[in-house]
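Subject: Structure handover and notes

Hello,

Please find the structure below. My notes on it follow.

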Amino acid sequence: MHQIITPSSRGKDLSILLIFIAVVLTAPLWGSLIGAGYPDLLQKFAIFGLFAIGYNLLFGLTGYLSFGHAAFLGVGSYVTVWSFKLLSMNVIPAVMFAVVFSGIFALVIGFLSLRRSGIYFSILTLAFAQMSYNLAYSVLTPITNGETGLRVLRDDPRVIDNALGVTLEGSPLGDLFGITLTGYAGFYFCAAMLILGFWLSLKIFRSPFGMKLVAIKSNQTRMEYTGFNPRPYLLSAFVISGMYAGLAGSLMAITDPLAGAERMQWTASGEVVLMTILGGLGTLFGPILGAATIKYFENIFSAINLQVLENTFAFMPEWLGGIMVTITRPFVGEGWHLTLGVLFMLIIIFMPGGLIEGFRRLSRLFGGKKAASETPAAESEGGVK
Amino acid sequence: MSNGDNDFVLSIRGVNKTFGGLQALSDINLNIEKGKVHAIIGPNGAGKSTLLNTCIGLLTPDSGSITFGGKDLTKSMTPHAINQAGISRVFQTPQIFPELSILQNVMIPAFAKRDGAFSFNPLKALREEEGILNEATTLLDDLGMGEGAHHHAGNLSRGNKRRLELAMCLIQHPKLLLLDEPTAGMARHDTNRTIELLKKIKESGMTKVIIEHDMHVVFSLADRISVLAQGAIIAEGTPDEIKGHPKVREAYLGSAEI
Amino acid sequence: MEALLLQVLNGLDKGGAYALIALGLTLVFGTLGVVNFAHGALFMLGAFVAVSVQNVLTISKKVKDESITFFDAYKETPYLEIWWGDFGSLIIDFSVPIAILVAIPVMLLIGLAMERGLVRHFYKREHADQILVTFGLAIVLQEIVKANFGANPIPISAPDAVAGSVDIGSMFGLTGVVYPWWRILYLCFSLAVIAGVFAFLHMTTFGMVVRAGMHDRETVGLLGIDIQRRFTIVFGLAAVVAGLAGVMYTPILPPDYHMGMDFLVLSFVVVVVGGMGSLPGAVAAGFLLGILQSFFSMNEVKQYLPGIDQIIIYLVAVIILLVRPRGLMGKD
């Protein structure tokens, strides 16, 4: 069902990384072919891709299902906006602080939640995330600005900027040593982070550490009687994935300097689970693929309104068109979440291996013998010998 | 008798364990001599597996002590600490990592032996761990499992899963190896292969405790035998002594299985 | 003293809701071994049964308002009132009790359909898959409700007869403990439902088999008893309990589409605190946490510990997990 951690050859890993970089950097080109060739959407691909890559390191490798990762996303966003407000519009400190703080936050929540496993763990992470969300909305309003959301203001202190004599012109936007991160600049910054995140994920996939995480998923009891203490491994994976989420949250705030509590809601946690599973749980590329797929279709579906539907079904006889409109209406526009929920269920019921598994099956079906031998275990033949 | 503690790898003293109202182990005293193969036999439900479970931290005895390498294992030692102290175990139902390859199954315990209960090295590539890769490959070759070591362990036959689990324990060079029915459910030729393998290990001087139903296996391997019935040790001695022991015959005739 | 009593009372009705939801969660987990993330959605659906009943009863048409004479004014008048006058108004007034009667068969059907149609196929799958598929179902259900009833809370009123408050304190010689009738009713109602479920489990043969099945599923299966069918019914029962809790809660909290998830998260915490698989634990923890929550909502407490009311339940859960991981009454 999922890709095995392989002691793959250096050359193969390098080519995987290079192909990935090439695909990400040329995104504006191939994006325009599928109607996604604008920075706002591509940015989302990268940000949610990062979120899902990190989430996959926890759920995909160890099998521990967290329902609370949106909380780290929120922390990343808030910390970033505060860095903008207090220190500088420069994104480097903002990103660093966001990753560090979400890591600390994940350490605390992970330490507590990992005292239990299985369903208890899922419930605990869900409870902590919901608690963070409640707090962000209520008593932490001085920090989070409650319902309105936290935003950068003209008269914020920005100590470093002021010391360097940098003044804010126009609307406050993230800045990388003079480059304002809007449009494609924003996308390429996110893309650079995505490449970094993917590189680290690849490293972990190929490391003894990653192999041990899969071993925990595979048979935790055996792990304990083999002399390993699973908890610090799980906690490390939890913190790392929390930091990915924090980074993703930070990038959200950088590309749109506003942080709101709704980012921490359980629906956001559910979304990243779906992205990871849709793409292929425990696989290297699956999570990014899932994230991009969902954001792509969200973009299309949300934009569809009644008018568009009526036009789409205009070729049909009026009565049939009317029925079609009535059927499809709840799934588009505002109803995108309904589509998402249905998709969620369908994937888990019929395709637990996700898109990557689907592709594998297809290639086995059409690719004949060569593809047939590419089962995960056989794949690991490279490198070791 | 030389009863100096130094000769004993493991000393079980006065161990009791009850489940509900059932006395699973009653006042067990057992010394495992260094470098010897000690077999524990007895009818089903005699408490053999329970005894092994108390030795690896899976169960805590109600009273008594289990001393290993100067430490009392019953004093809140975690399973991984007990393993790190030098005890490895083969379970009755094979416990392996079905989602990993055969080779990786053997590498994992090697890492535990080398790096301890926790090490954080996410940036080091697996392929750079040449020492452990070679060690695991060599061991698998020795056990005749070298071919197809890159296949999923989950697809192995039950007998091969047992052998794999044995390999996972052997790579740790444990001071004490606990084997819970290593040949149960195996076909005859697999059993013989396993006996050969265990004999080979015996020469290495590794101390072993083995639970076994198959008397053929027991008498061809054991240096010493303890007989367990209804939670108590009813006889102990060399294989020859045990063969002729009246109590043993009685205990075995009382149960359906021999 | 009076203020404390009031807070205890306040906590009891919230605790009643937690206990009812947690009871169903525990029943389903204990029998089917499934963690049902859509259980909160059942609570929400129950509440929307009440909304639907109220909507149906108040279907109305425009009638000329006779009381206004100097121009033609129209007002919406429910058919029931047009047909039956005061008796019609009385029926509308009693929409919540009527909704209870409606909710029992409706929720039972929903529960059975859910078990037969979806949950059943996940018994052999991993826990993670069970969680995820029921989570997906919860999203679908709440989005359907949102599409049909909108996103805003819908106020529902209790019957006039019990809409007022009662001076409870006077019964105990205290003054100033005034408490709404409906909340007292809610408490009694939840206690009655809980008692009913326990009586069902302890006094009927059916219940005894179910309890035996919760204890040791395999053995009961070996006895040749069709445990599967009984478990399906248990799922239906849990759905009814959650649904009724939802119906009765509508006058206290105007229902909206996401109320299910809010209550589910808290009920999970309740289950964890009570001890997974322990029915008495779920009930006790439900009331306990309800009372704690309302106690920490007191201004006297909040002024020293701001925000404590938002997190107290989670804090208790954390402490319990650290000190006693199996929960208050858990077995393992």
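Two strands are taken to pair if DSSP finds at least two bridges between them. Helices (H or I, at least four residues) and strands (E, at least two) are DSSP runs, numbered from the N terminus. This is a predicted model, in which local features need pLDDT of at least 70, side-chain atom pairs count only at pLDDT 80 or more, and totals for chains, interfaces and linings use all residues. Residues are numbered from 1 along each chain as its sequence is written, while chains are lettered from A and ligands numbered from 1 in the order in which they are written.

Chain B: the sheet

In chain B, strand 6 and strand 7 (residues 176-180) run parallel and are joined by four bridges. Arg89(B) stands opposite Leu178(B), which is in strand 7 of chain B. Helix 5 (residues 158-170) of chain B lies across both strands, at about 180° to strand 6 of chain B; axes are lines fitted to C-alpha atoms, for helices over the stretch in contact, and angles run from 0 to 180 degrees between N-to-C directions.

These strands belong to an open, mixed sheet of six strands in chain B, ordered 6-7-8-3-9-10. Its edges are strand 6 (87-90) and strand 10 (232-237) of chain B, each pairing on one side only. From one strand to the next the twist averages 20°.

Chain A: two interfaces

Residues are in contact if their C-beta atoms, placed from the backbone, lie within 7 Å. On that basis 34 residues of chain A touch 30 residues of chain C. Helix 6 (118-137), helix 13 (266-279) and helix 17 (336-350) of chain A each give two or more residues to this side, with the largest share, twelve residues, coming from helix 6 of chain A. By class, this side of chain A has 22 nonpolar (Ala, Val, Leu, Ile, Met, Phe, Trp, Tyr, Cys and Pro), two charged (Asp, Glu, Lys and Arg) and ten polar residues (the others, Gly among them).

The contact between chains A and B takes 33 residues from chain A and 35 from chain B. Helix 10 of chain A supplies the largest share of the chain A side, eight residues. That side divides into 15 nonpolar, eleven polar and seven charged residues.

Chain C

Chain C has 14 helices and four strands. Its C-alpha trace spans about 80 × 50 × 35 Å along the principal axes. In chain C, 75% of the contacts with a separation of 6 or more are between residues 24 or more positions apart.

Regards
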